[in-house]
Amino acid sequence: LYRFLASVYEKDGKFLEGSMVLRDALKIQADNEEILFYLGVLYDKASLSQESIAAMQEVLKLNSRNADALNFIGYTYADKNINLDEAERLIKKALKLKPDDGYIIDSLGWVYFRQGKIKKAVQNLQQAVKRAPADPVIAKHLGDAYRAQGDVVNALILYKKALELDPSKTEIIKKIDSCTVK
């Protein structure tokens, strides 16, 4: 019931209200891994990244093998370009648990990108796109990696694909406009 009510708030963009419902649920079931994970997701959507990471760390205290929580923290670090060694460690652990998960492979590719390991980033992101071809963020990540490698043609292809998959991602238009084929 709590998760349902939180999802109603989430659909309305009321992430803090949804998180309050989940915190109430945790008063009853403090060790509920699913509720803690969902709380972390809602905190993230409310741009409360410290609270989000803290919730995911609580998930990991309950279950150190929760691949999604490991990936969530690792990807958050990579996206913020912080704690990259820890991000890599967490994501590699998640990948051992879910070796074919395109989102986790994307996260590892994004860590490599942030670390400046562009060749490794491209390899991982190409695999991620194959496993999750309908995800605009993964397509954008591969576009960024291609661009960093100097492959503007493939970068443009991936940026256009990302925009096609999610036309609301207007920042991709700037990436497309800034790419020029020489």
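In the predicted model, Glu58 and Lys61 form a salt bridge in which the closest N and O atoms are 3.0 Å apart. The two residues are three positions apart in helix α4, and are therefore separated by about one helical turn. Glu58 is partly exposed, with a relative accessible area of 35%, whereas Lys61 is exposed at 64%. A salt bridge also links Lys27 to Asp24, with 3.4 Å between the closest N and O atoms; these residues likewise lie three apart, in helix α2, at a separation of about one helical turn. Lys27 is exposed, its relative accessible area being 69%, while Asp24 counts as partly exposed at 37%.

The salt bridge between the side chains of Asp68 and Lys98 has an N to O distance of 3.1 Å. Asp68 belongs to helix α5 and Lys98 to the loop between α6 (84–97) and α7 (102–114), so this pair ties together parts that are 30 residues apart in sequence. Both partners count as partly exposed, Asp68 at 35% relative accessibility and Lys98 at 32%. Salt bridges with shared partners also join Lys140, Asp144 and Lys175 into one network, and the count of salt bridges comes to 11.

Helix α4 (residues 49–62), which contains the Glu58–Lys61 pair, packs with helix α5 (residues 67–80), their axes coming within 9 Å and crossing at roughly 150°. Because angles over 145 degrees count as roughly antiparallel, α4 and α5 are assigned to that class, and their crossing is left-handed. The contact involves Ser49, Ser52, Ile53, Met56, Gln57, Val59 and Leu60 of α4, together with Ala69, Leu70, Phe72, Ile73, Thr76, Tyr77 and Lys80 of α5; by class, these comprise nine nonpolar, four polar and one charged residues.

Helices α1 (residues 2–11) and α2 (residues 15–28) pack at an angle of about 170°, with their axes 7 Å apart, which makes them roughly antiparallel. Asp24, the salt-bridge partner of Lys27, is among the α2 residues that meet α1, as are Phe15, Val21 and Ile28. The contact of α1 with α2 has nine nonpolar, one polar and four charged residues.

For helices α10 (residues 152–165) and α11 (residues 171–178), the angle is about 155° and the axes are 9 Å apart, so that α10 is roughly antiparallel to α11; the crossing is left-handed. Leu156, Tyr159, Lys160, Ala162 and Leu163 of α10 make the contact with Ile172, Ile173, Lys175 and Ile176 of α11, and these residues divide into seven nonpolar, no polar and two charged.

How values were computed
Residues numbered from 1 in each chain as written. Predicted model: local features only at pLDDT ≥ 70, side-chain atom pairs only at ≥ 80, totals over all residues. Heavy atoms only, no water. Axes fitted to C-alpha atoms, helices over the stretch in contact; angles between N-to-C directions. Helix = DSSP H or I, 4+ residues; strand = E, 2+ residues; numbered from the N terminus. Parallel < 35°, antiparallel > 145°, perpendicular 65-115°, else oblique. Left-handed = near helix turned anticlockwise from the far one by under 90°. Contact = heavy atoms within 4.5 Å. Nonpolar A, V, L, I, M, F, W, Y, C, P; charged D, E, K, R; others polar. Salt bridge = Lys/Arg side-chain N within 4 Å of Asp/Glu carboxyl O. Buried < 20%, exposed > 50% of the residue type's maximum accessible area, 1.4 Å probe, protein only.
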